[in-house]
Amino acid sequence: MGIQDERPLTPLQVVKLTYLCHGWMLGLYHQPLSAQPAEAWQYGPVIPDVYHEVKVHGRKPITTPIDFPKAELDFIESDLVQQVYRAYEDFSGIQLSQITHEPGTPWHRIWHEHGRNTIIPNSLIEEHYAGLAAEDE
């Protein structure tokens with residue numbers, strides 16, 4: 001994710017932080033961070049490629065580099081990733097999951113309206129995070 005931090009993250013933290021970065025990118029800049037859509041899985045929103053890359057670590061902290069295809073982040077994307085990480089760095093994977101499960105969140109709406117493994121439309125994610133950004137102003 002472009003984070004220069006020595007603290008290892010668990011797979012759950014990586015999955016949730018990636019989704020949060022994607023959400024805030026949509027909400028603030030109206031651009032997706034991930035080309036792959038998020039899906040409503042049982043334990044929250046997931047970008048499947050991220051999950052499949054980190055699942056081999058189970059519940060253990062990831063102590064080796066993650067082999068994601070190199071994607072060049074522009075300045076705005078890189079800055080956003082850093083800001084999201086700083087905002088949520090003290091949250092456990094469970095706490096991050098709880099944030100994404102709150103009533104009214106895109107995952108909650110899609111999960112309860114359409115069920116498991118349904119794509120969460122970027123427009124819904126954008127609307128949610130733009131609303132959160134407006135609350136902070």
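Is E77 buried or exposed? E77 counts as buried, because its relative accessibility is 14%. Here buried means under 20% relative accessible area, exposed over 50%, and partly exposed in between, for a 1.4 Å probe and protein chains only.

1. **Basis.** This is a predicted model, in which local features need pLDDT of at least 70, side-chain atom pairs count only at pLDDT 80 or more, and totals for chains, interfaces and linings use all residues. Residues are numbered from 1 along each chain as its sequence is written, and side-chain values use heavy atoms, with hydrogens and water left out.

2. **E77.** E77 lies in helix α3. Helices (H or I, at least four residues) and strands (E, at least two) are DSSP runs, numbered from the N terminus. Setting aside residues up to four places away in sequence, E77 touches M25, L33 and E72. Contact means heavy atoms within 4.5 Å.

3. **The nonpolar core.** The largest nonpolar core has 31 residues. Such a core is a set of buried Ala, Val, Leu, Ile, Met, Phe, Trp, Tyr and Cys residues joined through side-chain atoms within 4.5 Å. The residues with the most contacts inside this core are L17, L20, W24, V84, Y88, I120 and I125. At least two core residues come from each of α1, β1 (39-41), α2 (48-54), α3 (75-88), α5 (106-114) and α6 (122-136). α1 supplies the largest share, nine residues. V84 touches L17, L20, C21 and W24, again not counting residues up to four places away in sequence. In soluble globular proteins, nonpolar side chains tend to be buried together.

4. **Helix α5.** P106, W107 and I110 are the buried residues of α5. They line one face of the helix, because they fall within an arc of 95° seen down its axis. The arc is that of the directions from the helix axis to the C-beta atoms. H112 and E113 are exposed on the other side of α5. The cover over the buried residues of α5 includes α1, β1, β2, α4, β3 (118-119) and α6.

5. **Helix α4.** Which residues of α4 are buried? They are G93, L96, S97 and T100. Seen down the axis of α4, these residues fall within an arc of 100°, so they too line one face of the helix. I94 and Q98 are exposed on the face turned away from the buried side of α4. Among the elements covering the buried residues of α4 are α1, β2, α3 and α5. An α-helix has 3.6 residues a turn, so residues three or four places apart point the same way.

6. S97 is buried, with a relative accessible area of 9%. Leaving aside neighbours within four places in sequence, S97 is in contact with K16 and Y43. I94 counts as exposed, because its relative accessibility is 53%. I94 and Y43 are 51 residues apart in sequence, and 9.5 Å apart in space, C-alpha to C-alpha.

7. **The second largest pocket.** About 480 Å³ of space lies in this pocket. On a 1 Å grid over the protein atoms alone, a pocket is an open set of points where a 1.4 Å probe fits, with protein on both sides within 12 Å along at least five of seven lines; lining residues have an atom within 4 Å of a point. Grid points are joined across faces, edges and corners, and a volume is the space filled by probe spheres set on the points. The lining has 18 residues, and P11, L12, Y51, G58 and R59 are the closest to the centre. α1 (11-29), β2 (44-46) and α4 (93-101) each give two or more residues to the lining. α1 gives the most, with four residues. By class, the lining has eight nonpolar, seven polar and three charged residues. Ala, Val, Leu, Ile, Met, Phe, Trp, Tyr, Cys and Pro count as nonpolar, Asp, Glu, Lys and Arg as charged, and the others, Gly among them, as polar.

8. **Positive phi.** Most residues other than glycine have a negative phi. H30 has a positive phi, near 60°, and sits in the loop between α1 and β1. N117 also has a positive phi, near 65°. N117 is found in the loop between α5 and β3, and counts as partly exposed at 42% relative accessibility. G115 follows α5, with a positive phi near 90°.
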